[in-house]
Amino acid sequence: MFMFADILLPLAAPGAYTYLLPPALEERAKAGCRVVVPFGVRRRYTGLILRLHDDAPGEGVQLKSVEELLDEQPVVNELQMQLWEWMASYYMCTEGEVLKAALPSGLKPSSETIVARQPDFADGDTLSPRDAALLAALPREGGISIADLEKAMKRSNLLPAVRRLLSLGAAEVMGRAAKRAAALPNISLTKPPSTPPSMPSAALRRKRNSFCATSTSLPAPPPLALKTTRSCKA
């Protein structure tokens with residue numbers, strides 16, 4: 001039995017985060033299974049177990065615990081994990097970004113996931129009172145993020161209830177909440193610029209053509225040799 005798990009989260013952050021495995025999950029958890037973990041103060045993410053181990057963190061470090069195990073059998077195998085590691089190295093991104101792109105939104109709900117009520121669902125009698133109240137709070141159009149839904153209903157950790165509604169077909173995933181974009185300058189799309197853009201110099205054109213001619217023979221980047229892990233403190 002292992003006490004710790006390195007969890008890959010769908011974030012643009014290098015490496016994985018180490019979490020504490022509750023005793024009830026020590027025998028059931030396997031590499032490649034999805035879990036729900038807390039991250040920060042209020043956010044929760046669906047992550048993937050990369051490794052189970054007994055390597056305790058430094059003295060005085062208090063880890064956060066895995067809240068829920070979503071799979072009894074792995075949904076991602078070792079060969080796929082190796083492919084994700086290669087993709088992260090080749091395309092110069094993080095494995096978390098590869099995870100975010102590889103798994104459908106319905107398999108990795110998080111606090112930023114936007115959900116809406118499924119208009120064709122007509123079997124509300126099978127829902128518990130709490131799930132029925134959650135379904136009634138979901139909009140039919142546009143959707144709402146799970147984080148905003150928790151604030152509106154004054155409830156925490158609605159991910160399990162939302163997954164139940166998704167599995168019953170009572171709700172649907174609309175996407176993820178977009179991060180607030182930086183303010184852009186006021187650019188007119190109809191008025192032409194006052195001065196036309198200058199053409200590149202002959203020396204710059206020669207350098208660009210030389211680069212394009214040789215870029216196809218560049219060697220592939222070496223595979224990653226070391227996984228970075230960090231502790232997710234309580």
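**Reading strands, a helix and cores**

Me: Parallel or antiparallel: in which sense do strand 6 and strand 7 pair?

Reply: They pair in the antiparallel sense, over two bridges. Strand 7 covers residues 144-145, and its I144 is the bridge partner of V115. Please keep in mind that this is a predicted model.

Me: Are the residues of strand 6 buried or exposed?

Reply: Strand 6 is mostly covered, with five of its five residues buried. Look at which way they point: T113, V115 and R117 go one way from the strand, while I114 and A116 go the other. Both sets are buried.

Me: Let's turn to a helix. Which residues of helix 3 are buried?

Reply: Start with the general idea. An α-helix has 3.6 residues a turn, so residues three or four places apart point the same way. Now for the case here: helix 3 spans residues 129-137, and its buried residues are D131, L134 and L135. Seen down the helix axis, these buried residues fall within an arc of 100°, so they line one face of helix 3.

Me: Which residues are exposed on the other side of helix 3?

Reply: There you will find P129, R130 and A136 exposed.

Me: How should I read a nonpolar core, and which residues have the most contacts inside the largest one?

Reply: In soluble globular proteins, nonpolar side chains tend to be buried together. In this chain, the largest nonpolar core has 19 residues, and I7, L9, Y19 and I49 have the most contacts inside it. At least two residues of this core come from each of strand 1 (4-8), strand 2 (16-20), strand 3 (34-39) and strand 4 (43-53). A second, separate core has 17 residues, including V115, L135, L149 and A170. You already know two of these names: V115 from strand 6 and L135 from helix 3.

Me: What is L9 in contact with, leaving aside its neighbours within four places in sequence?

Reply: The partners of L9 are Y17, Y19, V37, F39, Y45, G47, G96 and L99.

Me: Finally, how many helices and strands does the chain have?

Reply: It has six helices and nine strands. Of the 234 residues, 35% are buried. The accessible surface of the chain is about 14,700 Å², and carbon and sulfur atoms account for 58% of that. Among contacts between residues at least 6 apart in sequence, 71% join residues at least 24 apart.

Technical notes: Residues are numbered from 1 along each chain as its sequence is written. This is a predicted model: local features need pLDDT of at least 70, side-chain atom pairs count only at pLDDT 80 or more; totals for chains, interfaces and linings use all residues. Side-chain values use heavy atoms; hydrogens and water are left out. Buried means under 20% relative accessible area, exposed over 50%, partly exposed in between (1.4 Å probe, protein chains only). Helices (H or I, at least four residues) and strands (E, at least two) are DSSP runs, numbered from the N terminus. The arc is that of the directions from the helix axis to the C-beta atoms. Contact means heavy atoms within 4.5 Å. Accessible areas come from the Shrake-Rupley method with a 1.4 Å probe; for residues, only the protein chains shown count as cover. A nonpolar core is a set of buried Ala, Val, Leu, Ile, Met, Phe, Trp, Tyr and Cys residues joined through side-chain atoms within 4.5 Å. Two strands pair if DSSP finds at least two bridges between them.
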